[in-house]
Amino acid sequence: QIFNQHNAEAPNLEPVFHRMAPMEPTLDHDLSWFLLPSYWAKMVVALISFLCFANSYDGDFVFDDSEAIINNKDLRAETPLGDLWYHDFWGSKLSSNTSHKSYRPLTVLTFRINYLFAGGFYPVGFHVINIILHCTISVLMVDVFSILLGGLQFSNKGRRLNLAPKSSLLAALLFAVHPVHTECVAGIVGRADLLCALFFLLSFLGYCKAFRENKEGHTFSVFWVLVSVVLGAIAMLCKEQGITILGLNAVFDALVINKINLLELIRKLLYKDKALENAGLLRKGLLFRITLLMCGGASILYIRWRIMGTGPPAFTEVDNPASFADSLFVRAINYNYYYSLNAWLLLCPWWLCFDWSMGCIPLIKSVSDWRIIALAALWFCLIGLICQALCSEDSHKRRILTLGLGFLIIPFLPASNLFFRVGFVVAERVIYLPSIGYCILFTYGFSLLSKQAKKKKILAVAVLGILLINVMRCALRSSQWRSEEQLFRSALSVCPLNAKVHYNVGKNLADKGNQSAAIKYYREAVRLNPKYVHAMNNLGNILKERNELHEAEELLSLAVQIQPDFAAAWMNLGIVQNSLRRFEEAEQSYWTAIKHRKKYPDCYYNLGRLYADLNRHIDALNAWRNATVLKPEHSLAWNNMIILLDNTGNLAQAEAVGREALELIPNDHSLMFSLANVLGKSQKYKESEALFLKAIKANPNAASYHGNLAVLYHRWGNLDLAKKHYEVSLKLDPMAPGTKENYNLLRRKLEQLQKKG
């Protein structure tokens, strides 16, 4: 059946192939909104989405960026590309018991390309790619919403027609400026969600292309259905949610292509109606296409399962406390409460937080908790929308509401705790895709209000106001994601009960040298979560540095008691026990740390220091050698080996170790200094002088470097240069041990020489 239809994008009329029910009224008919040509609409959406997040382009690496990017060995050239397919998002082996099983090799590959082109860990390039991706996705949303809100129709030239230009523009703008997207765009690890969304949308658009009339007159193209499956697989290799597009494609096929009335279909299935074929299941190839989608999805999941292994992800109670509740009732109530919070973030994205775990949302344990109201409100709205989507006599309304609910709910299912435990309570990043459904429902609601409103311009101004507020909120939130200090402090007012927020604020302060303020936040983190071993470990470290050894020992002992395999806490406990001169206990703590973490160079280094204090020189050298084997750039271990061999008179061995170390770390001035001392004692003055001068060039303000070079010149007989460097050393550090005495000796010698002269 061929008929003519006005197209808002083109001035001419074209014959159009019918791909839906006979002409339905579109949302644009009553919508009081701007009508722009397609390319202008896309330009506007791209520009506004760019303005929302442009100020994040020069932000730092923050929060999870450290683990996923800076500490991820998969980004470095020395890691074979093939390893990416067997490692999780954080660079750990998928077969490891500690892996979170987040399998996103294509996302990690883009990080690696960023690192390669930038020549290192420079965050600007990473941020720019994220902003470009969000702008691209927002532009694609214009086409996606034109199909979801206006239907799928093609001209006889195969050109898809936009039957809802105004509503698709509004929905795309709502998506582009939603503040809940800030975590995905301004946080670099949000690249996973962005890439997933990109291929998710391409898969949907590819599936739509399958229904364009071809030259042979076939009603659909198997090729484009298969392309859609492949793009869905790529989306899943960027992030797990990507697989849900296959289910949404099936829903779209049933509702839009086959015009199935779900309620009518359910009735026929229940009553075993023989006229079931009339529902369109067989007539238009729906079952065949759904079979292709199901087979493709099952194959993708099977391959992923084989690579990932059978073990479930390893999460702790603090990550997702509701999932560890013994009572099924408590789990169900809290899961539903989490759903209501996600819905609220879509409706009112004002209170945003980088982390919602660790007490931020206390568990609901009884029906008397007032928060039950949120669950009731959520299900009241959902049931109302579902009833309208199923029972309305208006087929246009049924289609839009069902598609809106489908895009809202189906992409959220992997994060719902229904199929497997997830490692978070609420995560803003996981509602990037579900926000598509929210935008559909919002736009449809706005069209209904426009239809009833007498003063439509006031309504349009109100929606413009919402968009403007969201743009400003995006800009503000993006600025908070620019640095860890701003990000962590912004969370204090949103989640004051979140121990992790206080921990991160404390860690940030400690990194900046503000130990007194850091102690305050670490103590609050431990108060809020008495089992927070990482906070105990960091607090114990600071107290150790402040020589508050007994409290540090109590905290670290408690940490290893709560988590016996916490290697870092065992090592730090050993350092404290060493400082308290309880050497046997310290040695035992170090070996326990190494037992739980086989490759632990810092622990071997500290064990070597313990053995050196006990004059167990061979054991000390062996421990430091182990540290350098595990970490060849461990400068402190190399230095201690050189110094110990020097002090024990093994100058030849000390020289050999020093040269070996400098080959591995050629620009380390402390190693140059240590080896120069050894060469000076071996009377290799020229080579020693060269190393001293090189070390001084790298670190000109080190008093000991000038002082020891002066001693070398003093021994060598170059007294004028010795005098010069003694004076520089004393100027940098008037209290430098031994330097003043050596300088006085030199002056007396020079005076004697003058008298003789």
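Helices (H or I, at least four residues) and strands (E, at least two) are DSSP runs here, numbered from the N terminus. This is a predicted model, where local features need pLDDT of at least 70, side-chain atom pairs count only at pLDDT 80 or more, and totals for chains, interfaces and linings use all residues. Residues are numbered from 1 along each chain as its sequence is written, and side-chain values use heavy atoms, with hydrogens and water left out.

**View 1. Gln241 sits in the loop between α8 (222-238) and α9 (244-257).** With a relative accessible area of 4%, Gln241 is buried (under 20% relative accessible area; exposed is over 50%, partly exposed in between; 1.4 Å probe, protein chains only). Its side chain reaches the backbone oxygen of Val430 at 3.0 Å. Setting aside neighbours within four places in sequence, Gln241 is in contact (heavy atoms within 4.5 Å) with Asp193, Cys196, Pro411, Pro414, Val430, Leu433 and Pro434.

**View 2. Trp350 lies in the loop between α12 and α13 (372-391).** What does Trp350 count as, at 45% relative accessibility? Trp350 is partly exposed.

View 3. Of its 757 residues, 53% count as buried.

Terms used. A polar contact is a pair of N or O atoms within 3.5 Å; within protein, one must be able to donate a hydrogen and the other to accept it, and residues adjacent in sequence count only if both atoms are side-chain atoms.
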